[in-house]
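Trainee: Can you walk me through this one while I have it open? I have a few questions.
Mentor: Go ahead.

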Amino acid sequence: MEQMKHDIENRIALYGLISRLMLIEVNDAFLDTIESDEAMLALFPHYQGWSKRKELGRKELIDQYYNVDFTNLFLMHLVPYESFYTREDQMIESGGDNPVIALYNELDFRVELDRARVVSADHIGVELEFMYMLCTAQKKALDAGDKEGICELFQVQRAFLKEHLLEWAPMFLINAKRESRTPLYHDGAELTLEFLLSDFEYITQMLSDYCGKETENA
């Protein structure tokens, strides 16, 4: 159980990190979160060794590089919304017909679009935040010794990854990595893609080993 607790805490930290990175521009507090933790910083290898971090002040980096890159990737040139990739007409579905909204509502996950500055609840940052919420709920179930709740949440997490995030996010993240202008977003896109794929494998394994539930490989 200690290993599972460690795994869930790491998953909470990673989903929290990558959802924040993709929702709004970075600030001092966010960069401090990365740079003050050696293990976290190691997840951003190109950023860690980027020479401009030594040459320029934090404010210059944020204003002239990171915020420009964020705008380019998430507001201007790429479309970070699931419905754009999954609808035949490539329209962003911001209304009640968006399938993720029904799932959010069912699990009492509320999206404040204005606060998050997104136009639809199927933004990649919001979907990653939903996974963060599910992992946080799972930690509470673990602390309470609720095996049934833990396994139920593993099933929800796996289904959401399979039916939503992994259906489209890899395409967006590959494009984001290619289009990025800073090591921060290059590494962030790569980290997110690798983590989503490995987390899907982890959840599938846990459903089999801990929950005794067989799942499809696909």
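Trainee: Which helix gives the largest share of the lining of the largest cavity?
Mentor: That is α6, with three residues. The model is predicted, so local features need pLDDT of at least 70 and side-chain atom pairs count only at pLDDT 80 or more, while totals for chains, interfaces and linings use all residues. Residues are numbered from 1 along each chain as its sequence is written, and side-chain values use heavy atoms, with hydrogens and water left out.

Trainee: What counts as a cavity?
Mentor: On a 1 Å grid over the protein atoms alone, a cavity is a set of points where a 1.4 Å probe fits but cannot get out, and lining residues have an atom within 4 Å of a point. Helices are DSSP runs (H or I, at least four residues), numbered from the N terminus.

Trainee: Which residues line the largest cavity?
Mentor: M22, L23, F70, F74, L75, Y81, R117, V118 and H123. By class that is seven nonpolar, one polar and one charged. Here Ala, Val, Leu, Ile, Met, Phe, Trp, Tyr, Cys and Pro count as nonpolar, Asp, Glu, Lys and Arg as charged, and the others, Gly among them, as polar.

Trainee: And what lines the second largest cavity?
Mentor: L21, M22, L73, F74, A176, Y185, G188 and A189. The lining has seven nonpolar residues, one polar and no charged ones. Its largest share, three residues, comes from α12, and α1, α6 and α12 each supply at least two residues.

Trainee: Switching topic. Which residues have the most contacts inside the largest nonpolar core?
Mentor: Y66, I124 and L184, in a core of 68 residues. Such a core is a set of buried Ala, Val, Leu, Ile, Met, Phe, Trp, Tyr and Cys residues joined through side-chain atoms within 4.5 Å. Buried means under 20% relative accessible area, exposed over 50%, and partly exposed in between (1.4 Å probe, protein chains only).

Trainee: What does I124 touch?
Mentor: Leaving aside neighbours within four places in sequence, I124 is in contact (heavy atoms within 4.5 Å) with M22, F74, P80, L165, W168, A169, F172 and L173. M22 and F74 are also among the residues lining the largest cavity.

Trainee: Now the cysteines. Which ones does a disulfide join?
Mentor: C151 and C211, with 2.1 Å from S to S. The rule is a pair of cysteine sulfur atoms within 2.5 Å, and by it the count comes to one disulfide. C151 lies in helix α11 (residues 147-179) and C211 in the segment after α12 (183-209), so the bond ties together parts that are 60 residues apart in sequence.

Trainee: Left-handed or right-handed?
Mentor: Left-handed, because the torsion about the S-S bond is about -95°.

Trainee: Is the pair buried or exposed?
Mentor: C151 is buried at 6% relative accessible area, and C211 is also buried, at 15%.

Key
On a 1 Å grid over the protein atoms alone, a cavity is a set of points where a 1.4 Å probe fits but cannot get out, and a pocket is an open set with protein on both sides within 12 Å along at least five of seven lines; lining residues have an atom within 4 Å of a point.
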